[in-house]
Amino acid sequence: MKIGLNTLITRKSADVALLAQRAEALGFESFWVAEEPFIPVNSASRYPGSADGVIPEIFSEIASPLIVLARASALTTRIKLGTGICLVPLYNPLLLAKEIATLDHLSGGRFIFGIGAGWLKEQARILGNDFKLRWPQTKEAIEAMKEVWTKDEA
């Protein structure tokens with residue numbers, strides 16, 4: 001059985017490289033980090049993970065997953081490194097594809113791309129996205145990234 005470690009990394013966390021290194025030493029197969037790019041000051045959206053719908057305060061402190069995983073890759077050699085999850089429709093797919101390809105290369109091919117489309121309507125609106133179209137946008141972005149990753153001219 002393969003077991004991974006999923007964590008929230010914030011500015012208050014221990015050094016993520018040391019955490020990932022310890023997870024690797026303990027035999028974990030993978031090390032996953034969450035994403036929450038920002039929490040709007042005012043939100044009518046209910047957080048689906050709590051009974052009262054209140055968004056946990058720690059979500060406003062979650063660090064950027066690709067940067068966190070790049071740091072983690074520096075002191076590890078075997079453990080797989082994954083996004084749990086990356087909110088794909090909030091990004092430009094061509095820039096995201098380049099960042100992911102860079103991280104995968106620097107980590108020796110250990111990156112696992114966990115994807116999602118988000119639950120927080122206000123995030124999408126602030127970034128100029130249509131929340132109702134987030135899944136079709138995610139599908140289109142993934143298709144574009146696959147083209148960039150697999151073809152010389154996409």
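## Arg46 and its surroundings

The side chain of Arg46 reaches the backbone oxygen of Asp52 at 3.1 Å, a polar contact in the sense of a pair of N or O atoms within 3.5 Å, where within protein one must be able to donate a hydrogen and the other to accept it, and residues adjacent in sequence count only if both atoms are side-chain atoms. A polar atom of that side chain also lies 3.2 Å from the backbone oxygen of Ala51. The model is predicted: local features need pLDDT of at least 70 and side-chain atom pairs count only at pLDDT 80 or more, whereas totals for chains, interfaces and linings use all residues. Residues are numbered from 1 along each chain as its sequence is written, and side-chain values use heavy atoms, with hydrogens and water left out.

Arg46 is placed in the loop between E2 and H2; helices (H or I, at least four residues) and strands (E, at least two) are DSSP runs numbered from the N terminus. With a relative accessible area of 53%, Arg46 is exposed, the classes being buried under 20%, exposed over 50% and partly exposed in between (1.4 Å probe, protein chains only). Neighbours within four places in sequence aside, Arg46 is in contact (heavy atoms within 4.5 Å) with Ala51, Asp52, Gly53 and Trp119. Between Arg46 and Trp119 the C-alpha to C-alpha distance is 8.8 Å, although they are 73 residues apart in sequence.

## Helix H1

Helix H1 spans residues 16–25, and its residues Val16, Ala17, Ala20, Ala23 and Glu24 are buried. These residues lie on the same side of H1, because they cover an arc of only 125 degrees around the axis, taken from the directions from the helix axis to the C-beta atoms. Their cover includes strand E1 (4–7), strand E2 (30–33) and helix H2 (65–74). On the face turned away from the buried side, H1 carries the exposed residues Arg22 and Ala25.

At the start of H1, the backbone nitrogen of Ala17 has a side-chain oxygen of Asp15 within 2.9 Å. Just after H1, Gly27 adopts a positive phi of about 95 degrees.

## Salt bridges

Side chains of opposite charge can pair when their charged atoms come close. Six salt bridges are counted, each being a side-chain nitrogen of Lys or Arg within 4 Å of a carboxyl oxygen of Asp or Glu. One of them joins Glu61 and Arg11 at 4.0 Å, N to O. Glu61 lies in the loop between E2 and H2 and Arg11 in the loop between E1 and H1, so this pair ties together parts that are 50 residues apart in sequence. Glu61 is buried at 16% relative accessible area, whereas Arg11 is exposed at 68%. Arg11, Lys12 and Glu61 are linked in a salt-bridge network.

Asp15 also takes part in a salt bridge, with Arg71 (2.6 Å, N to O). Because Arg71 lies in helix H2 and Asp15 in the loop between E1 and H1, the pair ties together parts that are 56 residues apart in sequence. Arg71 is partly exposed at 39% relative accessible area, and Asp15 is partly exposed at 28%. In helix H5 (residues 134–150), Glu143 and Lys139 are four residues apart, about one helical turn, and the closest N and O atoms of their salt bridge are 2.9 Å apart.
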